[in-house]
Amino acid sequence: MTNRPLPQAGSCPVATTVSLLSSKWKLLIVYDLLKGTKRYSELKQSIAGVSQKMLTQSLRELEQDGLVLREVFPVIPPRVEYRLSPLGDSLRPLFSALKDWDLMYLDLKQKESS
C-alpha cells in the first residue's frame, strides 16, 4: 500500500478516491482492468493516446496504492501481467455509476443538439 500522504485524507469524503485516481490514465487503466487481466502491450494498445512513460508511471502508482497487482513470469522474453487487486476491484460500482452517467450525459447532449 501507499506510504505517501493523501491530500485531505479524512476531511473530505471523496478526496482519497480523487487522489488515488488522479489522472485520466489511471481511470482508463482501472476501467480496462475491470474487464480482466492484461499484459502491458494490451493496455498500451487499448488505451488510446497514453505514452509508454505515463502508462508505466500510472501502473507503478496504482500498484503502490494497492489497486493493481503486477505478476512477472520468468520466461524469455519476460512476460508481465496486470490485474486489479481485490481493493481495486471494489471500485467496480464506482465505474459502473460513471458509465451510466456518461451514457445519460451523451444522450442528453445528443437530444439538445437535435
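In the predicted model described here, W25, K26, I29 and V30 of helix α2 meet M54, L55, S58, L59, E61 and L62 of helix α4, where contact means heavy atoms within 4.5 Å. By class, this contact of α2 with α4 comprises seven nonpolar, one polar and two charged residues. In that classification Ala, Val, Leu, Ile, Met, Phe, Trp, Tyr, Cys and Pro are nonpolar, Asp, Glu, Lys and Arg are charged, and the others, Gly among them, are polar. The axes of helix α2 (residues 24-33) and helix α4 (residues 52-64) come within 10 Å and cross at roughly 70 degrees. The axes are lines fitted to C-alpha atoms over the stretch in contact, and the angles run from 0 to 180 degrees between N-to-C directions.

Residues are numbered from 1 along each chain as its sequence is written. Because the model is predicted, local features need pLDDT of at least 70 and side-chain atom pairs count only at pLDDT 80 or more, while totals for chains, interfaces and linings use all residues, and side-chain values use heavy atoms, with hydrogens and water left out.

**Overall architecture**

The protein has six helices and three strands, arranged along the sequence in the pattern α-α-β-α-α-β-β-α-α. These elements are DSSP runs numbered from the N terminus, with helices (H or I) of at least four residues and strands (E) of at least two. The C-alpha trace spans about 55 × 35 × 25 Å along its principal axes. Of the 114 residues in the protein, 29% are buried; buried means under 20% relative accessible area, exposed over 50%, and partly exposed in between, with a 1.4 Å probe and protein chains only. Among contacts with a separation of 6 or more, 47% are accounted for by residues 24 or more positions apart.

**Strands β2 and β3**

P77 is placed in the loop between β2 (68-73) and β3 (79-84). The peptide bond from I76 to P77 is cis, with omega near -5 degrees. V72 lies in strand β2, and V80 lies in strand β3. Not counting residues up to four places away in sequence, V72 touches R79 and V80. The C-alpha atoms of V80 and R70, 10 residues apart along the chain, are separated by 6.9 Å. For V72 and L43, 29 residues apart along the chain, the C-alpha separation is 15 Å. R79 also lies over the face of F73, at 3.8 Å from the ring centre; the criterion is NZ of Lys or CZ of Arg within 6 Å of the ring centre and within 35 degrees of the ring normal.

**Aromatic pairs**

Rings of Phe, Tyr and Trp (its six-membered ring) pair if their centres lie within 6.5 Å; planes under 30 degrees apart are stacked, over 60 edge-to-face, and the rest tilted. By this rule there are two aromatic pairs. In one of them, the rings of W101 and Y105 have centres 5.1 Å apart and planes at 15 degrees, so the pair is stacked. Both residues lie in helix α6 (residues 92-113), four residues apart, about one turn of the helix.

**Accessibility of selected residues**

| Residue | Relative accessible area | Class |
|---|---|---|
| W101 | 51% | exposed |
| Y105 | 35% | partly exposed |
| V72 | 46% | partly exposed |
| V80 | 18% | buried |
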